[in-house]
Structure formats: C-alpha cells, structure tokens
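Trainee: Could you walk me through this structure, step by step?

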Amino acid sequence: MERVPDTPASRAGALRVGIVLAASGPVVLRAFALGPADMDGTICWRLPATVPFFLSRTTTWGLLSLAELLLPVILAGLFLLSSRWTVPLGAVAVLAVLAFRLLVTLRGVFAGRLLEQWPWPSIVCYGTAFLMLLAVAPPPRPRAGKEVVVWTAAAGAAAWMSARLPVLLRGEADGLFGWVASGQPRSLWNFPVLWSCKADVDGLLVVLVALVATASTVLADRPRRRLTLATAMLLVLAALEGYVPAVILMDAEKLRQEFQFETIMLIRWHLLLAAALVVADAVAVRPVRPDAVPS
C-alpha cells in the first residue's frame, strides 16, 4: 500500500478534520451517557403524544444541545466554503457555544440545581478546537456551490431527529432525576439492534456527516469517493436497522393490531435521504486539485 506523503496539504487536511472532531467532543461524550433513546427505545420511530416527565428538558438545555450539535456542521460548512473569513467565523462559533455552555452551567449553580454534567469536557474540547483553528489555513480554493449545498442538505437530513428532540421534548425537568425515577434504564449500546437509534437521537450521525464533509475538502477524487460511499452505506444500514429485523422476526398483522404500528414506520427516511445526498457527492465530478491528498 502506497504511503501518503507528508505534505502541507495533508497536514492541513488532518488539522481541519481534527478541529471538527474536537468540536464534536461534547456530542460524542453525551452519546455514551443516558439519553432520550435509552429512556424510550421507540422514540426513533414514533414520538410520544405527550412528553413524559422523564424525557422532558428545559428550553435552556434544549438550546444548548442544539448549539453543540450544530457546531461541527457549521465548521464543516466554513471549511467547504473556504474564504478569508473561515477561521475568524469558526473561532467566533466555537467561543459562542463555549460561552453558552458556561452560562447554562452558572445559571444552574446559582439556581441551586444539581449539575447534570460538569463543563470541563466542553472546555477542553472547545478550547482544543479554538487553538487548532488558530493554526489552520483555509484551502486555496472553495468547493463548488453545488457541493456545499449537497453536504448542508445531507447534514440537515441526518439531524432531522436529533435537532428536533430538544424542541419537542421541552418540559420542566432539568437533570437526570426524572430519568432515574422512571426506573432502571439501560443504555441502548447494550442492544446491537438499537445502536443506530441511539446514534441517531444523540447526534453521532450528524458528526459523521460533518467529519466526512470536512475530509472531502482535501482528499483526491478516488479516496473521497470511497469514503463517501462507505458513509452512505452506514447511513442506509442505520435507516433500515429497525425495519429489517421487524420484517423477518415479527408478525406484521399482530404489530398493527396490538401496537397500532406499521412496519414501514420503522424505516428512518431522513437517513435514507442523507445517504442519497452523500452518494450524489460521491459520484459528482470535481476539478482536479493540485493540493489534494492522494490515495
């Protein structure tokens, strides 16, 4: 296997991916704690008509979750657009989310509430992303307008569930009390058939799309196509993970009569749309760039 030469372009590309990964740290860490999907394993396919106490979150925490989720997408979009404003705007975005995180923490402390999460992981992740931003240079040429639109739409489709939940699950609960009081929840990571549900609800698939979009800014055509097609396959598997076992193992008529549930509802269509958009980028023909990282 031919080794990729250590060039300024390859180092800059790795740095950009590292920035998006660091900015995704709070989302990734949150995915390994108890969340809405662990409390209600059907939330990926059917939202509750009324929000149970153990799923509700205050508006402030919901907005913070949304800001943390969108930050990697914003940074990836800035790297795709690539202008002299990429680094300044990226730094402002990182510092704004960090300031919001600290403000929410201080608000909870002064209100006498138990902290759900200490802010130190966010400080480390966002501080690292900020310092790396100061060392990165934008690529010499921006991506084509169509490519930016496609990746933005793919990230939006992947975020359809995780971005809506902070808004839909508004309530009075401001910590884990309601979740723990509801029983003894177990993480969905213990159940392989529900892994994609956990990843979808907690925003890991959004992080995946943002990372691949960032990597596509520096990869040559062949490795870019391989990476994007592999990502699309993962999104398709995630979209069908609940549907395929249900078709094979469950009685569709019984599911319909007892649970008022159609098996086709188990398909997560927004992930199929995200996969189709990623494939569209994979097959798109781009001008050859001299600074692209070869396979």
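The questions below go from the whole chain to single residues.

Mentor: This is a predicted model, in which local features need pLDDT of at least 70, side-chain atom pairs count only at pLDDT 80 or more, and totals for chains, interfaces and linings use all residues. Residues are numbered from 1 along each chain as its sequence is written, and side-chain values use heavy atoms, with hydrogens and water left out.

Trainee: Which element of the protein chain has the lowest mean pLDDT?

Mentor: The pLDDT is the predictor's confidence in each residue, from 0 to 100, and its mean over the protein chain is 78. Helix α11 (residues 204-215) has the highest mean among the elements, 94, and the lowest, 40, belongs to helix α9 (residues 177-181).

Trainee: Is S82 buried or exposed?

Mentor: S82 lies in the loop between α4 (59-81) and α5 (86-110), where helices are DSSP runs of H or I with at least four residues, numbered from the N terminus. Buried means under 20% relative accessible area, exposed over 50% and partly exposed in between, with a 1.4 Å probe and protein chains only. Because its relative accessibility is 8%, S82 counts as buried.

Trainee: And V283, in helix α15 (residues 269-283): is V283 buried or exposed?

Mentor: The place of V283 is in helix α15, which covers residues 269-283. Since the relative accessibility of V283 is 55%, this residue counts as exposed.

Technical notes: Helices (H or I, at least four residues) and strands (E, at least two) are DSSP runs, numbered from the N terminus.
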